[in-house]
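Subject: Structure handover

Hello,

Here is the structure I promised to pass on. Please open it alongside this note. My findings follow below.

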Protein chains: 2
Amino acid sequence: MPPRLTQARIEPTREVLVTDELGHVFTLRVPIERALTLYVDKAEVVTLMTLGAHPEWLVIGYLLNQRLVESVGQIESVTVDWQVGAAAVKTLDARPGAGLRDTGRIVTTGCGQGSMFADLLGQLAPLRDSPPATLRQSQLLQILDTVRLRDTVYKAAGSVHACALFEGERLQVFIEDVGRHNAVDSIAGWLALDESTRNPAPVRTLYTTGRLTSEMIIKAAQMGVPIVVSRSGVTEMGLDVALEAGVCAIGRAINRRFLCYTHPERLIRDSAGQVAGAPRPPQPHPQ
Amino acid sequence: MPPRLTQARIEPTREVLVTDELGHVFTLRVPIERALTLYVDKAEVVTLMTLGAHPEWLVIGYLLNQRLVESVGQIESVTVDWQVGAAAVKTLDARPGAGLRDTGRIVTTGCGQGSMFADLLGQLAPLRDSPPATLRQSQLLQILDTVRLRDTVYKAAGSVHACALFEGERLQVFIEDVGRHNAVDSIAGWLALDESTRNPAPVRTLYTTGRLTSEMIIKAAQMGVPIVVSRSGVTEMGLDVALEAGVCAIGRAINRRFLCYTHPERLIRDSAGQVAGAPRPPQPHPQ
């Protein structure tokens with residue numbers, strides 16, 4: 001039985017006054033980050049700073065990605081209350097604090113500060129698929145078009161990251177948050193709820209505006225997603241983990257251009273995916 | 001007496017092979033993120049993922065910003081050894097684990113995942129300066145020029161954030177790291193070492209390529225820095241904290257343009273700081 005969830009979506013932006021370099025004063029919208037303190041069976045776990053677009057998915061994905069719960073089946077309910085800035089999770093095994101004692105110390109992650117990496121890398125199993133799950137280059141370009149044309153908080157207010165999940169070229173879910181880790185954790189929460197009802201799971205592609213660091217690739221691999229696409233670049237450890245885990249890491253993906261860093265065998269070149277014009281000189285890091 | 005420090009700077013990038021959208025294979029450089037596990041008086045505290053440009057400053061700044069030590073004077077030595085990926089901190093009060101027990105639970109932060117915010121906001125005192133510390137607009141434009149012209153890991157390999165500290169328009173220290181929190185923590189470490197020898201401290205400006213979230217503003221206020229400049233935008237809570245703390249938050253600062261979000265009285269318009277040409281229409285979030 002799927003967990004019971006509130007639907008505590010909240011307004012993501014508000015107007016503020018700013019002064020520009022000429023001394024002109026005008027209004028613009030900024031994203032609203034809110035503190036959401038997570039309690040599992042009444043024990044406090046962590047405070048997340050979030051845009052609050054889909055806080056219940058964020059909470060589920062955070063618990064899964066931090067290995068604080070093993071599966072979505074362990075969660076009885078998630079209750080988000082913005083009035084007190086709290087998300088209360090009830091597990092099926094609801095001895096107070098039981099979930100936390102079982103998993104050992106609490107670790108948080110993000111922007112390279114946290115110990116999740118060291119703990120999880122050892123547990124990471126390479127994706128097993130033979131023949132390998134693939135994406136056609138034409139589908140990748142459609143994914144980039146879909147992302148580019150979408151009406152977003154980013155377009156309205158800037159300063160947020162987006163993650164999205166695609167099945168082939170079809171958008172399944174699109175999430176923005178103040179941090180790229182919250183965005184991908186929310187995707188993981190959505191995915192866990194979706195996969196609890198589907199067997200076998202389809203081949204999916206994860207899109208992120210954030211960089212492909214090791215933590216981002218680990219989260220994709222934990223979700224069983226074999227293809228990860230980023231508007232930004234990659235770090236060496238992100239690349240190493242992607243190689244190891246069997247993840248096709250694609251970066252600098254904007255409009256009709258991209259760089260494939262690892263496992264190019266998952267990306268099938270087809271005629272509709274060709275880019276017109278002469279080859280460009282290598283550009284290591286377009287902004 | 002200042003703490004004894006190793007100088008364990010390490011190569012920040014390496015070459016990798018990539019495939020572009022036309023199927024061309026070529027090399028480019030990517031930044032190398034390394035796991036650095038921090039021990040204080042032999043007790044493990046956290047694992048940071050870092051570029052490793054100035055790991056000793058990072059460690060000191062992390063301990064200060066997380067309030068795990070109260071001042072740089074409490075630190076006897078910082079020893080970084082990349083062979084084992086460890087940073088060993090010895091405090092003057094070196095009972096094993098003493099520092100950790102004194103400060104309560106360990107919190108980490110970054111990308112909005114962590115509980116530092118809730119703990120620190122209550123302790124944050126507004127900057128006390130009367131008349132207020134200021135920066136001239138012409139100095140701000142010189143700061144932006146200095147940042148733009150600098151030879152950086154970002155230009156060579158992308159995918160890193162930079163932070164820098166200025167005294168007036170003069171660059172004091174420039175740090176890049178895989179995460180913006182590591183970069184600003186390294187700045188905080190440098191600053192703590194510098195201020196232990198200077199009295200009174202000069203007025204400084206913090207530059208960051210990252211967004212001005214609440215955590216970034218809190219760190220600036222903790223450092224006593226009254227002016228923060230970002231290439232990116234702001235979040236609502238970053239703006240609220242800046243208002244409260246007396247920090248002048250300036251965003252979207254590229255070339256000769258910027259937006260001042262809070263405390264415009266700290267930014268003095270002068271003739272050399274004027275921008276030629278007609279007023280532009282408001283652009284809420286140029287990329």
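First, a term. Axes here are lines fitted to C-alpha atoms, for helices over the stretch in contact, and angles run from 0 to 180 degrees between N-to-C directions. Keep in mind that this is a predicted model.

Helix pairs

Two packed helices are described by the angle between their axes and the distance between the axes. Start in chain B, with helix α6 (residues 180-195) and helix α7 (residues 214-223). Their axes come within 11 Å and cross at roughly 0 degrees. Angles under 35 degrees count as roughly parallel, so α6(B) and α7(B) are roughly parallel to each other. On the α6(B) side, the contact is made by V184(B), A188(B) and L191(B). On the α7(B) side, M216(B), K219(B) and M223(B) take part. By class, that contact has five nonpolar residues, one charged and no polar.

Now chain A. The axes of helix α1 (residues 55-65) and helix α6 (residues 180-195) of chain A come within 6 Å and cross at roughly 90 degrees. That makes α1(A) roughly perpendicular to α6(A). Residues of α1(A) in the contact include W57(A), L58(A) and Y62(A). From α6(A), those taking part include D185(A), A188(A) and W190(A). The contact of α1(A) with α6(A) divides into 11 nonpolar, five polar and one charged residues.

A helix and a strand pair in chain B

Helix α4 (residues 137-149) of chain B has 13 residues. From first C-alpha to last, α4(B) reaches 19 Å, close to the 18 Å expected at 1.5 Å a residue. Several residues of α4(B) are buried, among them Q137(B), L140(B), L144(B) and V147(B).

Strand β12 (residues 227-230) of chain B pairs with β13(B) in the parallel sense, over three bridges. V228(B) stands opposite A249(B) in β13(B). Six of the seven residues of β13(B) (residues 248-254) are buried, so β13(B) is largely enclosed by the rest of the structure.

Two loop residues to look at

N255(A) has a positive phi of about 55 degrees, although it is not a glycine. N255(A) is found in the loop between β13 (248-254) and β14 (257-260) of chain A. N255(A) is exposed, because 10 other C-beta atoms lie within 10 Å.

R67(B) also is not a glycine, and has a positive phi of about 60 degrees. The loop between α1 (55-65) and β6 (75-81) of chain B holds R67(B). With 15 other C-beta atoms within 10 Å, R67(B) is partly exposed.

Best wishes

Note on methods:
Residues numbered from 1 in each chain as written. Chains lettered and ligands numbered in written order. Predicted model: local features only at pLDDT ≥ 70, side-chain atom pairs only at ≥ 80, totals over all residues. Helix = DSSP H or I, 4+ residues; strand = E, 2+ residues; numbered from the N terminus. Parallel < 35°, antiparallel > 145°, perpendicular 65-115°, else oblique. Contact = placed C-beta atoms within 7 Å. Nonpolar A, V, L, I, M, F, W, Y, C, P; charged D, E, K, R; others polar. Expected span 1.5 Å × (residues − 1). Buried ≥ 20, exposed ≤ 12 C-beta atoms within 10 Å, placed from the backbone. Pairing = 2+ DSSP bridges.
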